[in-house]
Amino acid sequence: MQAPSFDTWTTLFLVVSAIGTFLSVLLFTDKNGRKNNWPIALITLGFSLILIQYVLIWTRYRTIYPYAYFFDDVWYFLFGPLFYIYILKFYTKEYKSNLIHFILPLFIAILSVIYYIKTKGYSAYDTVRDEILFKIYWPIRSPWVGIAVLICYIIITLDFIKIYNPPKKSQATQLRDRWVRFLILLFSTFVVAYISYYVLVKFSFFNPLWDYAISFTMAIGIYGVGYMAYTEPKIFNGELFTNLFQPSKKDKSELSPDTKNEFYSKLITYMEDSKPHLNSDLRLIDIATAIGLPIHIVSQLINEKANTNFNQFINAYRIKEASKLLKKSTYTSISSMYYDLGFNSRTTFYNTFKDKYGCTPLQYQESHKGKTLS
């Protein structure tokens with residue numbers, strides 16, 4: 001029997017797994033992204049652990065370390081519900097995760113831990129084969145059951161989108177739909193690749209290179225979803241993948257200076273009267289929809305007339321609002337005011353404020369004590 005060892009491919013997959021783990025950490029900790037990234041973070045982390053397990057099998061280190069098992073069957077039962085919950089948040093922010101979606105994964109997880117211990121890392125089954133619970137657990141653990149669950153969640157996700165969509169679509173709705181369908185395409189790529197393994201492995205031409213190619217395709221699907229979730233704020237702000245996700249630019253003609261001034265005045269009036277910047281989930285597409293202009297026009301106006309990008313433009317309004325509040329001697333909650341102003345991060349608020357005024361919010365308030373609010 002060949003001794004356990006790593007080759008170029010298995011080493012590469014370890015690197016890919018490390019990248020996926022790092023991406024999951026970014027999704028868990030990023031405060032400037034959406035607040036509901038945790039389902040995708042768990043999916044990304046789970047697949048990274050699965051990849052490590054695959055590497056142990058390919059390198060034959062699994063025979064030396066039978067307890068090195070990351071419960072891949074449990075993760076495959078979790079991926080569908082987690083993805084479904086993430087997508088629903090784009091359609092109803094008030095959606096609360098229904099625990100019913102996690103009953104089957106929890107049941108499989110409990111039994112997996114029990115028999116993982118009883119069989120010494122799934123290496124000795126003689127003592128458990130006749131147990132009734134094991135006879136229930138073992139067929140459910142079949143990869144085809146997990147595949148069926150994954151397919152079911154793709155179907156119910158598509159059905160939910162179809163039912164929930166309004167007849168008349170705004171720019172925001174169109175962008176959301178393109179974005180979500182792209183995520184579903186990436187997730188479906190992962191599922192199809194996973195299915196292909198159990199189909200192709202039955203043929204004589206199947207070899208380790210096929211296994212590597214399938215696993216790499218699965219990684220593209222899962223990590224693609226993770227990357228898109230991480231960059232989602234920039235996409236909805238018109239900073240990335242404009243042609244792919246944003247509605248087409250029907251009017252490609254150059255705006256006249258008078259028209260730009262008129263549109264920019266409309267934008268400024270909306271910002272000052274409605275104060276959308278106090279919403280921490282504000283996106284460029286939301287402003288474009290509110291003032292009735294194409295998103296690329298609003299982005300162009302901010303870049304050219306304000307000489308800044310969207311995030312800096314919005315943060316300038318938030319900091320201006322902060323200065324007004326700090327001048328009021330009755331406002332004392334400096335440590336938490338960033339949330340009231342629409343910032344997702346206290347650090348971002350303090351850094352932005354200091355860049356603008358050259359001092360901390362507390363120092364600014366102290367320097368304006370006794371002065372009349374202008």
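## Close-up legends

**View A. Asn-307 counts as exposed, with a relative accessibility of 66%.** Exposed here means over 50% relative accessible area, buried means under 20%, and partly exposed covers what falls in between, using a 1.4 Å probe and protein chains only. This is a predicted model, where local features need pLDDT of at least 70 and side-chain atom pairs count only at pLDDT 80 or more, while totals for chains, interfaces and linings use all residues. Residues are numbered from 1 along each chain as its sequence is written, and side-chain values use heavy atoms, leaving out hydrogens and water. Asn-307 sits in the loop between α12 and α13. Helices are DSSP runs of H or I with at least four residues, strands are runs of E with at least two, and both are numbered from the N terminus. The phi of Asn-307 is near 55°, a positive value in a residue that isn't glycine. Most residues other than glycine have a negative phi.

**View B. Arg-60 is another non-glycine residue with a positive phi, near 70°.** Look for Arg-60 in the loop between α2 (38-58) and α3 (72-88). Arg-60 is partly exposed, with 22% relative accessible area.

View C. Pro-4 and Ile-64 are 60 residues apart in sequence, yet their C-alpha atoms are 8.5 Å apart in space. The relative accessible area of Pro-4 is 27%, so Pro-4 goes down as partly exposed.

**View D. Lys-118 and Glu-131 join their side chains in a salt bridge, at 3.2 Å from N to O.** Lys-118 belongs to helix α4 (residues 103-118) and Glu-131 to the loop between α4 and α5 (132-140), so the bridge ties together parts that are 13 residues apart in sequence. A salt bridge is a side-chain nitrogen of Lys or Arg within 4 Å of a carboxyl oxygen of Asp or Glu. By this rule, the count comes to seven salt bridges. Lys-118 is partly exposed at 40% relative accessible area, and Glu-131 is partly exposed too, at 25%.

**View E. Glu-304 and Lys-260 make a salt bridge, with the closest N and O atoms 2.8 Å apart.**

**View F. Lys-275 pairs with Glu-321 in a salt bridge, the closest N and O atoms being 3.2 Å apart.** This pair links distant parts of the chain, 46 residues apart: Lys-275 in the loop between α10 and α11 (284-291), and Glu-321 in helix α13 (residues 310-327). Glu-321 is buried, with a relative accessible area of 13%. Lys-275 is partly exposed, with 33%.

**View G. α10 packs against α11 at an angle of about 105°, their axes 10 Å apart.** Axes are lines fitted to C-alpha atoms, for helices over the stretch in contact, and angles between N-to-C directions run from 0 to 180 degrees. The two helices, α10 and α11, are therefore roughly perpendicular to each other. For angles, 65 to 115 degrees counts as roughly perpendicular, under 35 as roughly parallel, over 145 as roughly antiparallel, and the rest as oblique. On the α10 side, Lys-266, Leu-267, Tyr-270 and Met-271 meet Ile-287, Ala-290 and Ile-291 of α11. Sorted by class, this contact has six nonpolar residues, one charged and no polar ones. Nonpolar covers Ala, Val, Leu, Ile, Met, Phe, Trp, Tyr, Cys and Pro, charged covers Asp, Glu, Lys and Arg, and the others, Gly among them, are polar.

**View H. Zooming out, the protein chain has 16 helices and zero strands.** Its C-alpha atoms fill a box of roughly 85 × 50 × 40 Å along the principal axes. Of the 374 residues in the chain, 46% are buried. Among contacts with a separation of 6 or more, 71% come from residues 24 or more positions apart.

Note on methods. Contact = heavy atoms within 4.5 Å.
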